[in-house]
Amino acid sequence: MATIRLGDTAPDFTAETSEGTLNFYEYLGDSWGILFSHPADFTPVCTTELGTAAKFKEEFDKRNVKMIALSVDPKDSHLKWIEDINETQQTTMNFPIIADADKKVSTLYDMIHPKANDSQTVRSVYIIAPDKTVKLMLTYPASTGRNFYELLRVTDSLQLTAHHKVATPANWKNGEKVVVSPSIPTAEAKKIFVKGVEEIRPYLRLTPDPTT
Ligand code: BEZ
């Protein structure tokens, strides 16, 4: 298992899931992807995360992002757990959970951290661009559930900065002012960003979201 770094090509795999056997790249197609791991089936935080993710699917769909979860338990366990998720979180699971009982995918993606637990995955998140490069990695401990609003927010930032020479400031949300990339001189920035460039410092220039 090689360490994955930002910008690396996300490893491909074929795996059993709650929705049948799938190939990761075929599943993603030309979409963005979010691959996120859970320590185990029938655990409380994971149950709330998957229920929340199912409720957020419409928002991820709008952004052309396909979700796929992973837990190191077999498919029959996932299917029973999904009944619980649907019932307790008042939702209907609407994306696959990888059944990684042999830990093939979690090993490939370095999701098992022996200092936390050598048989379960931690809460890893990989956001993958349509060209299959890894754009973001997050690692949370088992005891902290993830914030799916943040995953939407960071997706908005990744998608904006993939197409425009901007970066997004602290706590930025879709539609707010963005930062002009430091590599662009202000005179050039003023030609590119026709809505205006506010120069607070030569290195700190703001411009309205170029997509709005
Ligand atoms: C949970 O998903 O609730 C959980 C899993 C492992 C350790 C702690 C919490």
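Domain bounds come from an automatic or database domain assignment. This is a predicted model: local features need pLDDT of at least 70, side-chain atom pairs count only at pLDDT 80 or more, and totals for chains, interfaces and linings use all residues. Residues are numbered from 1 along each chain as its sequence is written, and side-chain values use heavy atoms, with hydrogens and water left out.

**Exercise 1.** State which domains divide the chain and how far apart their C-alpha centres lie.

Solution. Domain 1 covers 14-145 and domain 2 covers 164-207. Their C-alpha centres are 35 Å apart.

**Exercise 2.** Describe how helix α2 packs with helix α5.

Solution. Start with the elements: helices are DSSP runs (H or I, at least four residues), numbered from the N terminus. Helix α2 spans residues 44-62, and helix α5 spans residues 148-163. Next, the geometry. Axes are lines fitted to C-alpha atoms over the stretch in contact, and angles run from 0 to 180 degrees between N-to-C directions. The angle is about 35°, with the axes 10 Å apart. Then list the contacts (heavy atoms within 4.5 Å). From α2, the residues include Phe 56 and Phe 60; they belong to a set that meets α5 residues, among them Leu 151 and Leu 152. By class, this contact has seven nonpolar, two polar and two charged residues.

**Exercise 3.** Find the residues around the ligand and give the distances of Thr 43, Val 45 and Cys 46 to its oxygen atoms.

Solution. First, the surroundings (a heavy atom within 4 Å): Pro 39, Thr 43, Pro 44, Val 45, Cys 46, Arg 123 and Ala 142. Next, the distances. Thr 43 places a polar side-chain atom 3.1 Å from a ligand oxygen atom. Val 45 has a backbone N or O atom 2.5 Å from a ligand oxygen atom. For Cys 46, a backbone N or O atom lies 3.0 Å from an oxygen atom of the ligand.

Notes
Helix = DSSP H or I, 4+ residues; strand = E, 2+ residues; numbered from the N terminus. Nonpolar A, V, L, I, M, F, W, Y, C, P; charged D, E, K, R; others polar. Polar contact = N/O pair within 3.5 Å; in protein donor to acceptor, adjacent residues only side chain to side chain.
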